[in-house]
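Below is a short report on one protein chain, written for a reader who has the sequence and the coordinates open.

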Amino acid sequence: MHIRGDHAELVVGGRLDVRSAADARTALHTALDAGHGDLVLDLTELDSWDATGLGVIMGAHRRAGRGGRRLVLRGVPPQMQRLLIATRLHRILAIEAEK
């Protein structure tokens, strides 16, 4: 997994899973704590995520809300979109519409 960006936009690539969860959580929390306004999480380079990875996203969503920010997902791959719909998390998370 790799994450690059700043406190306004992060690009996540590779696999967001149990092995990368701690690093991802740290990067997301650091970005959320350092900025203001929306934090865009670009997932176009993400290959896969597991339940732990999804938990990291949900934790960042809650932290953003507590800090008066919003976590916005961009470029969610189709298979991950289906998972968000199946779990009804698409109703909770802010997902940027495809252009």
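## Strands and crossovers

The model is predicted, and local features are described where pLDDT is at least 70. Strand S2 covers residues 9–16 and strand S3 covers 38–49. These two strands run parallel and are joined by 7 bridges. Within this pair, glycine 14 stands opposite leucine 46 of S3. The elements S2, H1 and S3 form a β-α-β unit, and the unit is right-handed.

S3 also pairs with S4, again in the parallel sense, over 5 bridges. A right-handed β-α-β unit is made here by S3, H2 and S4.

Strand S5, residues 94–95, is joined to S4 by 2 bridges, and the two strands run parallel. In this pair valine 72 stands opposite alanine 94 of S5. From S4 the chain passes through H3 to S5, in a β-α-β crossover that is right-handed.

| Strand pair | Bridges | Sense | Opposite residues |
|---|---|---|---|
| S2 and S3 | 7 bridges | parallel | glycine 14 and leucine 46 |
| S4 and S5 | 2 bridges | parallel | valine 72 and alanine 94 |

## The nonpolar core

Nonpolar side chains in soluble globular proteins tend to be buried together. In this model the largest nonpolar core has 26 residues. Leu41, Leu43, Trp49, Ile57, Leu71, Leu73 and Leu84 are the residues with the most contacts inside that core. At least two core residues come from each of S2, H1 (21–34), S3, H2 (51–66), S4 (70–74) and H3 (78–86). The element that gives the most is H2, with 6 residues.

Leucine 84 can be followed through its contacts. Leaving out residues up to four places away in sequence, leucine 84 touches Trp49, Leu54, Leu73, Val76, Leu89, His90, Leu93 and Ile95.

## Helix H2

H2 has 16 residues, and the distance from its first C-alpha to its last is 23 Å, close to the 22 Å expected at 1.5 Å a residue. The buried residues in H2 are Gly53, Leu54, Val56, Ile57, Met58, Gly59, Ala60 and Ala64. Their cover includes S2, H1, S3, S4 and H3.

At the start of H2, a side-chain oxygen of aspartate 50 comes to within 3.0 Å of the backbone nitrogen of threonine 52. Just after H2, glycine 68 has a positive phi of about 75°.

Which residues does aspartate 17 contact, beyond its neighbours within four places in sequence? They are Asp50, Thr52 and Gly53. Aspartate 17 lies in the loop between S2 and H1. Its relative accessible area is 6%, so aspartate 17 counts as buried under the 20% limit.

Not counting residues up to four places away in sequence, serine 20 touches Met1 and Arg15.

Glutamate 45 is in strand S3. Is glutamate 45 buried or partly exposed? With a relative accessible area of 31%, glutamate 45 is partly exposed, because this value lies between the 20% and 50% limits. The side chain of glutamate 45 makes a polar contact of 2.8 Å with the side chain of arginine 4. Residues touched by glutamate 45, apart from those up to four places away in sequence, are His2, Arg4, Val11, Val12, Gly13 and Gly14. Isoleucine 92 is 47 residues from glutamate 45 along the chain, and the C-alpha atoms of the two are separated by 22 Å.

Notes: Residues are numbered from 1 along each chain as its sequence is written. This is a predicted model: local features need pLDDT of at least 70, side-chain atom pairs count only at pLDDT 80 or more; totals for chains, interfaces and linings use all residues. Side-chain values use heavy atoms; hydrogens and water are left out. A nonpolar core is a set of buried Ala, Val, Leu, Ile, Met, Phe, Trp, Tyr and Cys residues joined through side-chain atoms within 4.5 Å. Buried means under 20% relative accessible area, exposed over 50%, partly exposed in between (1.4 Å probe, protein chains only). Helices (H or I, at least four residues) and strands (E, at least two) are DSSP runs, numbered from the N terminus. Contact means heavy atoms within 4.5 Å. The expected span of a helix is 1.5 Å times one less than its number of residues. A polar contact is a pair of N or O atoms within 3.5 Å; within protein, one must be able to donate a hydrogen and the other to accept it, and residues adjacent in sequence count only if both atoms are side-chain atoms. Two strands pair if DSSP finds at least two bridges between them. A crossover is right-handed if, with the strands pointing away from the viewer, the path from the first strand over the helix to the second runs clockwise.
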